Structure formats: structure tokens, C-alpha cells
Amino acid sequence: MVAEVHGVSKTYRDHSVAALRDVSLQLDSGQFVAVCGPSGCGKSTLLLTLGGLLRPDTGRVVVNETDVYGLSPNERAAFRAKWIGFVFQQFHLVPYLNVLENVLAAELGMRGSPPTPDRAATLLEQFGLADRLQHRPGQLSTGERQRVAMARALLNEPCLLLADEPTGNLDEENADRVLDELSNFADRGGAVMLVTHDPRAASRAQQQINLLEGQIASDLTTATRLE
Amino acid sequence: MNVLRLVCREIWHRKLNFLVSLLAIIVLVGYAVGALTLIRAQRERTEQRVAALDDEIRKITKSLGFNINILPADQNLADFHANDFGEKTMPFEYVQRLAESPDIVTINHLRPALIRKIEWQEQQRQIVLMGVAGVIPWTHRSNPKKPMTEAVPTGTLNIGSVLAEQLQLQEGDTTQLNGLELKVNKIYPERGTKDDITVWIDLQAAQNMLELPDQINLIQALECNCASVDRLAEIEGEISQVLGSDVQVIELATKAIARARARVDVQAEGQITVARMQDRATLLLVLLVLASSILVGLLALLNVWERQQEIGILRAIGTSTGSIMWMFLLKALFVGLIGAIIGYLIGFGIAVRLDEQSANGLIVESLFDFRMMVFAILLAPIITIIASWVPAVFASNQDPATVLSME
């Protein structure tokens with residue numbers, strides 16, 4: 001099992017409505033799960049909680065057999081660097097670093113021997129960006145930026161990839177390319193959680209979980225969620 | 001990728017933020033170094049003037065010979081000045097006590113003498129007879145200085161030029177002085193003083209001739225340049241510690257005193273000027289430290305605010321709080337270090353230029369202070385790091401979930 005969420009609830013201090021209510025689910029190796037639902041239903045909260053960025057009020061999050069919130073903040077950061085990859089709708093590339101350096105920024109949090117620049121270059125080549133290594137994010141198209149963000153997420157060979165609306169700003173062609181990469185990652189044995197509004201993107205996942213008011217409303221495939 | 005490369009890239013990307021911070025530190029260090037260098041120049045100039053006056057005093061004093069007279073306490077000074085010697089006597093052991101005392105530091109070259117106006121019976125004329133014993137060595141000093149006067153060898157006499165000429169005496173001649181056979185050892189060149197009609201003989205011979213065994217009526221000395229403006233009181237104080245109130249001290253050579261007073265005045269004036277410059281510089285420096293620290297801190301805070309998204313994603317992909325903090329502190333270190341070096345060069349350059357325009361410009365080497373340079377280069381980064389500390393902590397404590405949820 002790559003990731004497990006056990007009875008997680010989360011209420012933001014400045015909101016009276018609970019963002020997550022007793023959510024439980026599991027992600028196996030090779031599994032590609034899409035989390036759908038209307039705005040404010042708790043999709044992003046679930047993703048951030050699973051990614052070790054947002055401590056839940058109750059419940060446990062286990063990734064790669066480690067209780068994520070049992071770690072200290074710096075241990076959790078190092079854990080994220082090694083095991084979890086993130087892709088966001090806004091790409092969040094560092095504007096003053098070139099493409100290669102943006103990908104290599106993922107090694108800042110790595111302990112021990114970091115990946116070599118060669119691996120970053122190879123990844124970028126896979127994503128069709130071999131001739132863009134020295135370009136700044138401002139010089140790239142939105143599709144290229146998202147592919148750089150994907151390469152950064154994959155640099156440290158994580159076991160879990162969390163993608164929050166990664167196709168939200170992309171045209172159809174680029175969106176397909178990103179979704180292909182997510183599928184490929186799952187095919188290589190990783191687990192993917194895709195948060196999306198886009199039914200077309202959700203359809204690429206093996207499993208679709210619909211969230212409504214912080215709770216899992218439906219599970220459209222063979223359910224792996226814990227009761 | 002490492003933090004250093006990230007910081008360098010960010011500095012290049014946000015040049016204005018970096019340059020404004022840098023400018024604040026350049027102004028701070030430049031002003032501090034410039035002001036301190038000018039103060040140093042002022043102090044150096046004062047020391048040079050004092051040293052020049054010291055040298056002048058030394059030369060004047062040297063040319064004047066003995067300028068301190070120690071007399072018996074009961075000697076009438078009016079009589080002493082009228083005759084250039086006194087009638088009253090004191091024991092020879094006084095000079096030995098002074099020479100043996102470790103408390104005497106303001107005078108050099110002690111020379112006892114017994115002086116009387118006598119009738120040179122063989123020549124039937126009045127002369128000044130001076131019995132001298134040379135310079136008495138100090139017990140507690142190394143006596144490195146060459147004695148100012150030599151003793152008159154026993155059985156000889158030294159004589160003033162006018163008297164020698166009138167008596168047709170030549171060096172090497174033998175003559176009788178009140179029954180005492182003496183060889184002319186030396187004829188002094190004309191001085192235009194009573195010395196020209198004086199005869200010097202060995203002190204003991206003079207004491208025997210005058211029937212004043214173990215008595216002297218004058219101790220001559222040379223004051224050193226270490227005394228303050230109230231040098232005579234200092235010398236008197238030292239001597240009275242050894243001889244009590246049995247003697248009195250008078251000082252000759254007003255030229256030397258005038259120079260000594262000028263030296264003290266120059267020193268005091270220099271100290272006042274330096275103190276005034278220091279007061280002004282300190283006030284402005286404190287204000288500049290505060291202003292530049294606040295500016296650097298605010299710019300660092302602005303930098304943190306601008307980079308919230310970047311910090312959020314770096315934290316999300318695993319960068320530790322320590323590395324985030326180091327990103328900002330390293331930048332502060334660069335601002336401090338580069339600002340200090342440029343500020344030092346500018347401040348020092350301006351100070352040298354200003355000093356060159358003053359009346360007695362000093363050479364660059366004498367204005368350069370290695371410790372000040374090291375101090376500036378170390379202190380400026382400390383200031384920028386302290387000023388950036390709170391923004392750096394603020395950045396490292398940013399919640400990435402909050403930042404990433406803002407999409």
C-alpha cells in the first residue's frame with residue numbers, strides 16, 4: 001500500500017464548515033485515482049493533507065508505511081522530498097531559475113546523495129523540453145511550464161504523485177500530454193491522486209471518488225476505501 | 001542545485017531590491033569609515049604637532065644646558081639672582097639621596113656644585129670659583145645618556161676665556177690658585193656670561209679651599225620632557241618627597257616652558273576637536289545604523305512577501321525551514337559583505353581626498369587602519385543578518401498549505 005487515509009477530518013479555523021469529515025481511502029501501487037466534486041467540497045484539502053502539508057484535526061495519514069504527521073516538520077519536509085511529488089494548476093515554477101534549475105530545485109530538500117543533473121536533463125528530454133533547458137519559465141508556453149513542473153515532481157522518483165487541477169490552464173493537447181504522463185507514472189508502479197473538475201481528465205483515472213461537503217459521496221470503481 | 005546558486009540567481013533577478021539594500025549599507029559603512037578616518041587624521045596631526053613641539057623643547061632644553069637649580073631652603077633668591085650663586089650651603093649627601101631615590105623621574109643629569117666669589121690672591125683679582133663633581137650617576141636608572149658635563153680632573157682647572165686671556169693662560173700651563181698648584185685643563189670659549197670669568201676645579205678641592213667640607217650650595221639638573229604644564233610643581237613634589245622642605249627649586253629657560261605650554265595647548269585643542277568630531281559622528285552613525293537596519297529589514301520583508309509562492313512550493317517539495325531561512329540570511333550576508341567592501345573603499349577614498357585638501361594632509365598609509373577595515377567588513381554583515389533575521393524567520397515559518405491554497 002502506498003498511501004492510506006484513516007478517518008481524516010479537517011475544519012479550518014476561519015470557516016465554520018468542515019472541509020473533510022471522516023474521510024478514509026487507500027492508494028495502491030499503480031493506482032490512478034481522480035478526486036472530483038464541486039468547489040469547496042474538500043478536494044484540495046484532501047490532497048494537501050495526504051501530501052503532508054496540512055495536519056488533519058483527527059485521523060491518520062500513512063504514506064509508504066510512515067505516519068506522516070508523526071514526523072517533525074523538517075523530517076516531514078525531507079519525507080515529502082523523497083516520496084511525494086506535487087503538480088499544481090499554477091505550476092509554481094521559480095521565475096528566476098531556468099528550466100533545468102527549476103527541475104533541480106527538487107533536490108534542495110533531499111538528504112543524502114541528490115539526483116544528478118543528468119537525470120533532470122533526461123526527464124526534460126522525455127517531456128519534450130530538451131531544447132528548453134536554459135529558458136526561463138516566462139519564455140515557455142503554459143503546456144511547457146506544466147511539463148517542467150511534472151519533471152520537477154518526478155525528479156526524486158517519488159512513490160506518490162499528487163496533482164491539483166494540473167490541466168486547468170492547458171489546452172486539450174497539452175492536457176492529454178500531462179494526463180498521459182500521470183498514467184505512465186501509475187503504470188510504472190507509482191500511485192497518483194488527481195484532483196480535478198474536468199470529467200474528461202477524471203475519466204483517465206482507474207477510480208473516481210466524488211467528494212461532497214467533505215465526505216466521500218460515491219466511488220465509481222471497485223472501491224478500495226475503508227469504512 | 002543548492003541554496004547559494006538559488007540566492008545568486010534571485011539577487012540577479014531582483015536587482016533593485018538588492019541594490020537598494022546594498023546602497024543603505026554602502027552609505028552606512030562609507031560614512032562610518034570616512035568619519036573614523038578623518039578623526040584618525042585629526043588625531044594623527046595633533047600627535048605630529050605635539051611630537052614636533054616635543055622635539056623643539058628637547059632641542060631648546062639641550063642647548064640651554066641645566067635648567068633646574070636646587071638650592072638650600074634658606075637661600076635668599078634675590079641674592080641668588082643678583083650673584084648667580086647663593087651664600088647658603090647644604091650637605092653633599094642631598095645630591096646622593098636624590099640620585100638614589102626611585103621617586104625622581106622628572107629630572108636628569110644631577111650636578112652638585114659649590115660656588116663662591118673669591119680673591120685669586122696670586123693674580124690679585126676677583127673670580128667666581130666653581131667646585132664641581134661631574135654628573136652623579138642614578139642608582140635606579142640605566143644612565144644611558146652621555147653626561148652633559150665632565151668632572152674637572154683633580155689637580156687641574158677649567159677657566160673662562162676672558163679670564164684666561166687676561167691672565168695669559170694657555171691649556172697645559174701650570175698656575176697657582178691661592179696656594180694650590182693647578183694645571184690648566186681646558187679654556188672655555190667665550191659665552192658672554194659670568195662663565196667667562198669663572199674658574200672650575202674639583203669639588204673636593206674647592207670645599208677644602210673654602211673650608212666647607214662636604215658642603216655644596218647648588219644642585220643643577222635638567223628637566224625631562226615628560227612633565228606636564230605644571231612641570232615645576234611636579235619636580236618640586238618629587239624632590240620634597242626625598243629631601244622634605246630643606247631645599248627650594250627654581251626653573252630657568254622660559255623658551256622651553258613656552259614650548260611646553262604650546263605642546264599642552266595643542267594636545268588639549270586636538271583632544272577637544274577629536275572629541276567634538278567623535279560626538280557628531282557617533283550621533284549620525286547611530287541614526288544611520290538604525291535607518292539602514294530598518295531599510296534592510298523592510299526590503300527583506302518585501303522580498304519575503306514577493307516570494308510567498310516560491311517559498312510555498314519550495315517547502316512543498318521538501319526544502320527545510322533551515323534552508324529557507326538560510327536563503328534569506330545568505331542574501332543578507334552578501335548585502336553586508338559587498339556593501340562593507342564598497343562602502344569602505346568609498347568612505348576611505350573620500351576621507352583621504354578631504355584630508356588632502358586640509359592644511360597638513362597625511363599620507364594614505366598613515367590613514368589606513370587594518371583593524372578598522374576588518375571591523376567594518378565583519379560588522380556590516382552582522383547588522384544585515386540581524387536586520388533580516390525576523391523576515392527570514394517569517395519566511396521559514398510560512399505555511400505552504402496556506403500559500404498553495406490561494407490559487
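Begin with the two domains of chain B in this predicted model: their centres, taken over C-alpha atoms, are separated by 65 Å. To display them, colour residues 3–55 together with 262–404 as domain 1, and residues 68–251 as domain 2.

Next, select helix α10 of chain B, which covers residues 321–357. B:L345 is found in this helix. With a relative accessible area of 59%, B:L345 is exposed, because the cut-off for that class is over 50%.

The next stops are aromatic rings. Over all chains, the whole structure contains four aromatic pairs. One of them joins A:F86 and A:F88: the ring centres lie 5.7 Å apart and the planes meet at 5 degrees, so this pair is stacked. A:F86 is buried, at 1% relative accessibility, and A:F88 is likewise buried, with a relative accessible area of 1%.

Return to chain B and select B:Y344 and B:F348. Their ring centres are 5.8 Å apart and their planes are at 10 degrees, so this pair is also stacked. Both residues belong to helix α10, four residues apart, which is about one turn of the helix. B:Y344 and B:F348 are both buried.

Finally, look for charged side chains over rings. In chain A, A:K82 lies over the face of A:W83, 5.0 Å from the ring centre. In chain B, the charged end of B:R191 is placed over the ring of B:Y188, at 4.6 Å from its centre.

Technical notes. Residues are numbered from 1 along each chain as its sequence is written. Chains are lettered from A and ligands numbered from 1 in the order in which they are written. This is a predicted model: local features need pLDDT of at least 70, side-chain atom pairs count only at pLDDT 80 or more; totals for chains, interfaces and linings use all residues. Side-chain values use heavy atoms; hydrogens and water are left out. Helices (H or I, at least four residues) and strands (E, at least two) are DSSP runs, numbered from the N terminus. Buried means under 20% relative accessible area, exposed over 50%, partly exposed in between (1.4 Å probe, protein chains only). Domain bounds come from an automatic or database domain assignment. Rings of Phe, Tyr and Trp (its six-membered ring) pair if their centres lie within 6.5 Å; planes under 30 degrees apart count as stacked, over 60 as edge-to-face and the rest as tilted. A charge sits over a ring if NZ of Lys or CZ of Arg is within 6 Å of the ring centre and within 35 degrees of the ring normal.
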